[in-house]
Amino acid sequence: MSDFREKVIEHIAINAVSTRKLYVYSHPGVPKDIGFVKIGETDQKSVYERVRQDHLTNEVEFEILGEYLGVDANNNIVSDKDIHAILRQMGYNPRKKSDSDRSGEWFEIEFEKADRLIKDRLNLTGSYEYLRREKGTYK
């Protein structure tokens, strides 16, 4: 089997198995949330619907800033917990929204920095090149 054909089959298999998406959103109209973004994941088809579910009991405006397929260039699944761990290693500590919040998914970081970090991890570029097995990029 050709190398190209194997890569296509592997790509199709990974996408058929994993619908995991990572996402980043903010609350632009909430003063105490300015400068914070939430980094989460879902296996649902729609990130919008998943984020909307978080807001059924309140009417807080949200803005989805980024959406990514949770599979890296080596076809390994990347979770929101992986991204959270990287952020903590970089000195970004999660802020809990309330005493009952166990998620720790809110980070004080500019979206552009979070976006670059997530894309670097998914593309295995920058600080993550050492993980790369073969060439590929996340669009």
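Start by selecting helix H4: H4 lies across E1, E2 and E3 and runs at about 10 degrees to E3. Keep in mind that this is a predicted model.

**Stop 1**

Now select the strands. They form an open sheet of five, in the order E3-E1-E2-E5-E4, with antiparallel pairing. Go to the edges: these are E3 and strand E4 (94–95), each of which pairs on one side only. Helix H3 packs on this sheet too, touching E1, E2, E4 and strand E5 (106–108). The direction of H3 makes about 150 degrees with that of E2.

**Stop 2: strand E1**

Select residues 21–26, which make up strand E1. Is this strand enclosed or open? Six of its six residues are buried, so E1 is largely enclosed by the rest of the structure. Show the side chains next. Lys21, Tyr23 and Tyr25 point one way from E1. Leu22, Val24 and Ser26 point the other way, and all of these residues are buried.

Look at the partners of E1. On strand E3 (residues 63–69), the pairing is antiparallel and spans six bridges. Find Lys21 here: Leu69 of E3 stands opposite. Strand E2 (residues 36–42) is also antiparallel to E1, joined by five bridges. Lys21 stands opposite Thr42 in E2. Step along to Leu22, and the residue opposite in E2 is Glu41.

**Stop 3: strand E2 and on to E5**

Stay on E2. Six of the seven residues of E2 are buried, so this strand is largely enclosed by the rest of the structure. Follow E2 across to E5. Three bridges join the two strands, which run antiparallel. Which residue of E5 is the bridge partner of Lys38? Select Trp106 to see that partner.

**Stop 4: His84 in H3**

Move to helix H3, and pick His84 within that helix. Is His84 buried or exposed? Its relative accessibility is 2%, so His84 counts as buried; the cut-off for buried is under 20%. Now list the contacts of His84, leaving aside neighbours within four places in sequence. They are Ile39, Gly104, Glu105 and Phe107.

**Stop 5: where H3 meets H4**

Select both helices: H3 (residues 80–89) and H4 (residues 111–123). Two packed helices are described by the angle between their axes and the distance between those axes. For H3 and H4, the angle is about 120 degrees and the axes are 11 Å apart. That angle makes H3 oblique to H4. Which hand does the crossing of H3 and H4 have, left or right? The crossing is right-handed.

Next, colour the contact residues. H3 supplies Ile83, Ile86 and Leu87. H4 supplies Leu117, Ile118 and Arg121. By class, the residues of this contact divide into five nonpolar, no polar and one charged.

**Last view**

H3 touches E1, E2, E4 and E5, and H4 lies across E1, E2 and E3.

Note on methods
Residues numbered from 1 in each chain as written. Predicted model: local features only at pLDDT ≥ 70, side-chain atom pairs only at ≥ 80, totals over all residues. Heavy atoms only, no water. Axes fitted to C-alpha atoms, helices over the stretch in contact; angles between N-to-C directions. Helix = DSSP H or I, 4+ residues; strand = E, 2+ residues; numbered from the N terminus. Parallel < 35°, antiparallel > 145°, perpendicular 65-115°, else oblique. Left-handed = near helix turned anticlockwise from the far one by under 90°. Contact = heavy atoms within 4.5 Å. Nonpolar A, V, L, I, M, F, W, Y, C, P; charged D, E, K, R; others polar. Buried < 20%, exposed > 50% of the residue type's maximum accessible area, 1.4 Å probe, protein only. Pairing = 2+ DSSP bridges.
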